[in-house]
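Thank you all for coming; I would like to walk you through one structure this morning.

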Amino acid sequence: MTAVPLPGTPAVTAGQVSGSFWHAAWYRYRQNRLALVAGGVAVMIGLVAILAPFIAPYGDASIDLTATLAGASGRHLLGTDQLGRDTLTRAIWGDRTSMTIAIGAPAIGLVIGVPLGIIAGWFGGLFDWFALRLFELFTMVPTILAALLFITVFGVSVWKLALFIGITLWVGFGRLARAQYLALRDRDFVLAARATGVPAWRITIVHILPNAIGPIIVYFVQQVPYVIFTAAGFSFLGLGVQDPLADWGKMINDSVNYLSLDPLLVLVPIGCIGLACLSFSFLGDGLRDALDPTSR
Amino acid sequence: MSNGAVREVGERDVVLAGAPLLEVDGLVVHYHVRGPGKVFRSHETVHAVDGVSLSLASRETLGLVGESGCGKSTTGRTVLYLDRPTAGTIRFQGQDLSKLAAHDLTALRRHMQIVFQDPIASLNPRHTVGQLIGEPLKIHDLVPRNQRRQRVQELLELVGLPSDAVSRFPHEFSGGQCQRIAIARALAVEPSLIVLDEPVSALDVSIQAQILQLLTDLQDRLGLSYLFIAHDLAVVGEMSDRVAVMYLGKIVELAERDSLYARPYHPYTQALFSAVPIADPRLSREHRRVVVSGEVPSSLDPPSGCRFRTRCPMAQEVCSAEEPPLEAVADGHLVACHFAEEAVRRDPFGTPVTALTSQVDGGT
Amino acid sequence: MTDELVGAVPVVSTEADRGGPEVPLLEIRDLQVSFRLERNTIFAVQGLSLQVRAGERVGVVGESGSGKSVSALSVMRMVPSPGRVTGGEIVFEGRDLLHLSPAAMHHIRGGQVGLIPQNPLTSLNPVITIESHFQEVLSLHLGLSKHQARERTIELLRSVGIPHPATRLQEYPHRLSGGQRQRVIIALAMACQPRLLIADEPTTALDVTIQAQILELIDDLVDRSNLGAILITHNLGIVAGHCDRVVVMYAGRVMETATVLDLFDHPSHPYTVGLLRCVPRLAATRSRVFAAIPGLPPQVTKLIQGCPFAPRCERATDQCRAETPPLEEIAPGHSIACWNPVETGEKIAS
């Protein structure tokens with residue numbers, strides 16, 4: 001019996017990065033300058049949201065009636081609105097509000113949609129048939145109107161907004177999760193796990209989910225700009241957060257009448273919305289390319 | 001034949017001397033697919049496997065050879081109950097797989113494993129080699145936790161991989177190395193049977209030989225049985241004790257390896273032999289071969305009677321009327337053809353018999 | 001089928017043309033191709049030289065990473081980016097292909113040189129009918145009208161053995177079997193009567209019985225029109241049966257080149273010897289011993305000093321590891337790149 005000797009360590013396949021999937025993904029992500037910048041901005045926006053109480057120059061409801069509609073100055077870097085509220089402060093607190101909704105809503109959508117999608121794929125048959133019809137049913141419902149309906153019935157608060165918008169997002173996650181599950185279930189390595197006797201639940205969690213998570217994360221990030229914009233839209237219409245809470249859409253609503261007097265009042269929130277939407281959008285693209293280099 | 005008594009699963013079963021490890025009887029696997037049509041879709045049936053019977057003894061290699069669509073891969077997977085058969089019985093270590101409860105089947109899975117064609121696809125890209133090989137150990141609780149690491153190292157050594165492979169990921173390895181990882185994983189549970197589904201087709205020739213050598217050594221050392229599935233007659237010929245040739249879901253010829261390669265009876269087998277490129281320019285040019293015409297019929301609607309008749313130069317009326325049974329024409333040599341004897345005499349495809357017997361192994 | 005072939009493909013039959021004139025149809029000299037990636041560079045081809053004469057079939061044999069496919073694509077200047085030809089010459093009928101204008105190169109591709117790509121499944125556009133595939137090529141190179149193109153398409157399909165060709169014109173590729181698709185692709189390659197045919201692993205994805213049919217078809221076409229052909233494969237059996245000369249490549253370099261008879265009778269390069277020994281053969285009895293080449297095919301990410309096969313070679317000497325052996329003729333028409341070749345009749349320890 002002759003054992004065939006092998007030379008030392010295996011050579012790294014040309015062009016591939018050694019290490020785990022995440023390691024390789026991070027490496028790919030780093031190559032993309034736009035994604036890096038966008039990611040940095042997104043992280044900053046997130047940090048501002050978290051640290052709002054500490055970095056805002058003034059309290060979240062502070063009013064200075066002696067300095068209404070003041071332009072940019074040393075005390076008020078971006079000026080004040082008609083009630084003497086510091087614009088910069090409101091922008092920062094608005095960041096917190098907006099981001100809570102922007103992350104909370106997709107999170108709710110994910111939590112509802114992904115398990116449903118996987119279960120639909122798992123059981124198949126009639127169950128899957130019903131799940132697909134459910135997807136179709138909810139797709140028919142105009143999401144924004146549905147959210148508005150909830151608001152009128154149940155009232156509004158930051159968390160309620162996140163919830164209502166989140167509920168309308170579950171279908172997208174459900175479809176994606178189901179598709180990923182079905183695609184991965186027939187792959188050779190899953191078959192190999194079955195042959196080893198791995199129980200179905202473990203296959204789903206240990207084998208399938210880690211491979212499916214990439215597209216789900218990307219989808220999640222891609223929903224953020226949509227939610228920011230939608231929530232801002234609601235606030236602009238007066239159906240979003242109420243005083244004394246601030247969010248960017250509300251800032252626009254409050255100040256639109258004063259546009260000619262102090263354009264900053266409107267430009268600042270618009271800029272914030274734009275920056276947040278763009279950065280998360282590019283972040284989503286960058287993640288998509290990094291997590292799945294074959295998709296171009 | 002086994003003694004019929006159901007033994008308790010979970011003990012290390014000892015196969016009775018003479019009793020086959022694996023017995024497959026009348027295996028049928030049909031898939032339903034939706035036919036064409038926009039509103040009312042008709043249902044069509046893919047006859048992937050249509051009545052296959054075979055047996056495999058301990059320490060034996062049975063080669064299963066055929067071209068695409070013949071059902072060999074389906075047979076391999078169904079024998080392990082990875083796909084449910086439509087009909088037929090599968091007995092492993094004397095136990096009828098269809099009669100087992102789920103957890104008994106899981107426990108039995110320890111003893112029968114599979115290695116796939118695409119080595120890289122058969123390994124979860126997110127898991128390290130250590131996790132991949134360690135998982136079967138964990139599932140079947142074969143080794144106490146603190147000894148798992150060592151066992152994984154032993155397995156790596158057994159298949160010729162360096163010990164630092166444990167923390168690396170499949171994409172860092174070549175095809176041949178990935179196949180070694182897959183083999184190590186299959187061996188982790190100490191199976192008695194391994195189904196090898198085209199284990200070397202995706203590999204370079206120089207690596208193929210390494211893997212085949214490894215498989216042979218492992219068989220000798222560990223007393224394994226193999227169901228070796230391939231489309232390459234030469235590779236099957238080097239690995240198998242007995243060979244079954246499949247065409248469109250049926251076994252058309254089954255014999256001891258040497259008996260088959262010395263004299264194939266079935267016209268399709270002859271066509272297969274004749275089509276294999278001979279790695280010798282003179283023999284290749286001398287060999288007057290007749291290339292079989294046409295293509296494999298669709299398995300949605302297999303021909304009546306003998307399925308090969310649409311391409312067989314010797315086909316006659318009886319071939320479409322009656323399906324030929326698999327019968328012995330010589331000792332241990334079974335053929336399903338109405339004109340087996342004549343096929344050998346006439347040699348319609350120019351089987352390179354002289355080429356076979358005159359080739360000395362190793363070539364130059 | 002013989003009668004039907006006449007008229008579809010012009011038959012060049014003069015004796016003087018058979019076996020080729022003095023000037024080779026295609027000459028590749030010291031070709032270098034590399035792929036510049038983010039982290040490293042892959043030197044896919046490091047000095048390939050070969051010649052093809054009219055009527056001659058040259059086989060290029062190698063395993064994955066040997067550079068054989070890239071070489072074929074280079075002739076058509078179709079190396080996928082980020083690959084680039086970084087050196088050498090490719091001369092076709094006296095013209096330097098590497099420096100042709102894009103317009104002239106378009107004319108060559110499909111017109112003078114036909115390519116049979118590797119994978120029949122993906123080489124046809126799934127949303128275009130068979131007829132449209134041909135129409136595109138025929139109007140581009142031969143300027144045929146729709147009607148003329150249709151007639152010619154039917155002839156071509158018949159010449160590659162597709163039954164009832166007129167009825168297949170409107171079909172989409174997925175309706176055809178693998179073997180039929182490969183025939184269509186061959187017909188496409190032959191459509192404009194090229195002088196040179198490049199077949200890149202034309203039968204790898206096919207069953208062995210279909211493979212035999214396709215190879216027979218290619219042989220037939222080459223003979224009738226006295227084409228030059230390059231057959232790229234990893235299968236030595238195909239080379240033995242369907243090629244006149246062979247080039248053995250490894251890690252982007254030529255290891256040995258000879259006539260087919262010479263290569264199989266007197267293989268001199270240890271890699272060739274190793275390959276021949278480990279090819280599985282139909283034998284009357286089992287040998288139970290597998291002569292393998294130990295080790296792994298190299299990653300050609302560095303310009304290697306010394307012979308690329310040295311790490312796996314039983315006969316490697318210090319010189320082999322230090323200096324790259326040049327390709328030298330050891331017998332008429334037989335060249336190898338080796339410092340320590342195998343002598344004829346020498347026994348190699350297994």
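Chain C has 350 residues, for which a compact globule would have a radius of gyration near 20 Å, and its own value of 21 Å agrees with that; the radius is taken over C-alpha atoms, and the globule rule is 2.2 Å times the number of residues to the power 0.38. What we are looking at is a predicted model, in which local features need pLDDT of at least 70, side-chain atom pairs count only at pLDDT 80 or more, and totals for chains, interfaces and linings use all residues. Residues are numbered from 1 along each chain as its sequence is written, while chains are lettered from A and ligands numbered from 1 in the order in which they are written.

Along its principal axes, the C-alpha trace of chain C spans about 65 × 50 × 45 Å. Chain C contains 12 helices and 12 strands, which are DSSP runs numbered from the N terminus (helices H or I, at least four residues; strands E, at least two).

Turning to chain B, 8 strands form an open sheet with mixed pairing, in the order 6-7-8-3-9-10-12-11, where two strands pair if DSSP finds at least two bridges between them. Strand 6 (112–115) and strand 11 (327–330) of chain B stand at the edges with a single partner strand each, so one side of each has no neighbour in the sheet. Within this sheet, strand 3 (residues 61–65) and strand 8 (residues 225–230) of chain B run parallel and are joined by 5 bridges, and L62(B) has L227(B) in strand 8 as its bridge partner.
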